[in-house]
Amino acid sequence: MLSLLYKTYNLEKKHVFRIAGGARTSTPAILIQLTFANYIGYGEASMPPLYGESFQTAISFLKKIDLSPFKDPFNAEDILTYIDNVAPKNVAIKAAIDIALHDLIGQLLKIPLHSYFGLRKENLSTSKTIGIDTPDIIKERVKEASQFKYLKVKLGGENDKEIIHTISQTTDKPLFIDANQGWKSKEEALDKVHWLKEHGAVFIEQPLPKNSYDSLTWLAAHSPLPIIGDEGIQRLPDVINASNFYHGINIKLMKSTGLREAYKMAQIAKMMNLKIMLGCMSETSCAIGAAAQLGALADWVDLDGNLGIKNDPFTAHTVKEGVIHLNNKPGIGLINPNWDRILAY
């Protein structure tokens with residue numbers, strides 16, 4: 001019989017995190033333990049307030065779940081379809097259950113999840129995120145990220161050029177640009193894309209509001225750099241028409257309800273010749289370890305969410321010189337997880 005336990009948890013950030021939509025120093029999360037016989041799987045829901053989930057909504061959702069009809073954890077399709085139909089939205093807490101179930105399956109099979117999905121083991125060069133801040137703090141963050149090959153830079157405010165000039169004074173590394181829907185018009189966006197290309201940008205993530213369909217279509221047709229959908233790409237149905245507005249998609253487990261749907265999204269994206277970025281929220285090594293299992297599907301990887309928090313209760317894959325080195329542990333790759341220790345945090 002499947003048994004589910006959960007714990008509320010606040011992810012404490014090492015630094016104030018600022019984007020075009022605001023700033024925060026912590027992120028609410030729910031940690032999940034799913035047991036079957038003597039095997040345990042772990043999952044996580046990270047719930048930045050911007051996406052509308054909270055402790056209250058997550059716990060309310062969890063109280064509606066009854067796993068007693070499911071006797072076989074390998075029946076993941078039926079279990080996760082049931083979970084998805086319990087209530088609409090609630091995508092992060094659904095992702096937590098999905099991650100825990102897949103971790104449990106990996107434990108039972110004694111294989112890492114990249115093998116379960118038929119993917120090769122891949123060491124991943126992840127970007128390191130630089131939030132919106134003062135020039136002095138940005139310089140400090142860039143220096144702290146010296147070992148990383150790529151920087152992901154948050155833009156979308158009034159000081160975009162100042163931020164890029166500040167970074168250019170410190171490094172010439174290629175930049176992943178995330179405007180977080182911050183630019184107001186297609187003309188402004190195109191001007192900035194051309195300028196950013198000259199300053200080392202690799203692609204532009206969500207330059208315009210996600211519902212600006214006509215402007216996004218025009219920008220995608222004229223942009224000299226790939227345009228990547230983030231807020232505009234949440235779940236599987238969004239991928240179907242994505243090529244009208246974007247050249248690629250950012251897949252995050254917390255948006256997609258977890259590994260099952262994220263894998264499907266990536267497969268469809270590949271069939272449509274869309275680029276794939278694997279992204280994250282502020283997360284522990286649990287959710288980052290899960291997403292890393294899909295790394296072989298990605299063109300670009302932005303899985304640094306665990307590196308920006310100071311109270312990670314899990315240990316998983318090592319990061320050296322900006323590269324995530326997947327271990328061969330079963331499931332999502334956690335090393336000696338302990339629920340009692342987590343409860344003590």
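The model is predicted, so its local features need pLDDT of at least 70 and side-chain atom pairs count only at pLDDT 80 or more, while totals for chains, interfaces and linings use all residues. Residues are numbered from 1 along each chain as its sequence is written, and side-chain values use heavy atoms, with hydrogens and water left out.

**Helices and how they pack**

A word on naming: helices (H or I, at least four residues) and strands (E, at least two) are DSSP runs, numbered from the N terminus. Let's start with helix 3, which covers residues 91–109. Its end C-alpha atoms are 27 Å apart, and that agrees with the 27 Å that 19 residues should span at 1.5 Å a residue. The expected span of a helix is 1.5 Å times one less than its number of residues. Helix 3 is mostly covered, with 17 of its 19 residues buried. Here, buried means under 20% relative accessible area, exposed means over 50%, and partly exposed is in between (1.4 Å probe, protein chains only).

Two packed helices are described by the angle between their axes and the distance between the axes. The axes are lines fitted to C-alpha atoms, for helices over the stretch in contact, and angles run from 0 to 180 degrees between N-to-C directions.

| Helix pair | Angle between axes | Distance between axes |
|---|---|---|
| Helix 2 (residues 76–86) and helix 3 | about 165 degrees | 10 Å |
| Helix 7 (residues 186–197) and helix 8 (residues 213–222) | about 25 degrees | 10 Å |
| Helix 6 (residues 160–168) and helix 7 | roughly 5 degrees | within 12 Å |

What do those angles say about direction? Angles under 35 degrees count as roughly parallel, over 145 as roughly antiparallel, 65 to 115 as roughly perpendicular and the rest as oblique. Helix 2 and helix 3 are therefore roughly antiparallel to each other. Helix 7 is roughly parallel to helix 8, and helix 6 is roughly parallel to helix 7.

Now for the residues that do the touching, where contact means heavy atoms within 4.5 Å. Between helix 2 and helix 3, the contact involves Ala-76, Ile-79, Leu-80, Ile-83 and Asp-84 of helix 2. On the helix 3 side are Lys-94, Ile-97, Asp-98, Leu-101, His-102 and Ile-105.

Helix 7 shows up in two of the table's rows. Toward helix 6, helix 7 uses Lys-192, Trp-195 and Leu-196, and they meet Asp-160, Lys-161, Ile-164 and His-165.

Further along sits helix 11 (residues 259–271), with 13 residues. From its first C-alpha to its last, helix 11 reaches 18 Å, close to the 18 Å expected. Its buried residues are Leu-259, Arg-260, Glu-261, Ala-262, Met-265, Ala-266 and Ala-269.

**Positive phi angles**

Most residues other than glycine have a negative phi, and most peptide bonds are trans. Asn-273, which follows helix 11, has a positive phi of about 60 degrees although it is not a glycine. You'll find Asn-273 in the loop between helix 11 and strand 11 (275–278). Is Asn-273 buried or exposed? Asn-273 is exposed, at a relative accessible area of 71%.

Asn-180 also has a positive phi, near 50 degrees. Asn-180 lies in the loop between strand 7 (175–178) and helix 7, and with 12% relative accessibility it counts as buried.

**A strand residue**

Ile-130 belongs to strand 5 (residues 127–130), and it is buried, with a relative accessible area of 1%. Which residues does Ile-130 contact, leaving aside its neighbours within four places in sequence? They are Ile-138, Arg-141, Val-142, Leu-151, Lys-152, Val-153 and Lys-154. Asp-84 is 46 residues from Ile-130 in sequence and 34 Å away in space, C-alpha to C-alpha.

**Cysteines**

How many disulfides (pairs of cysteine sulfur atoms within 2.5 Å) does the structure hold? The count is zero. Cys-280 is in no disulfide, and the nearest cysteine sulfur, that of Cys-286, is 13 Å away.

Definitions and conventions
A disulfide is a pair of cysteine sulfur atoms within 2.5 Å.
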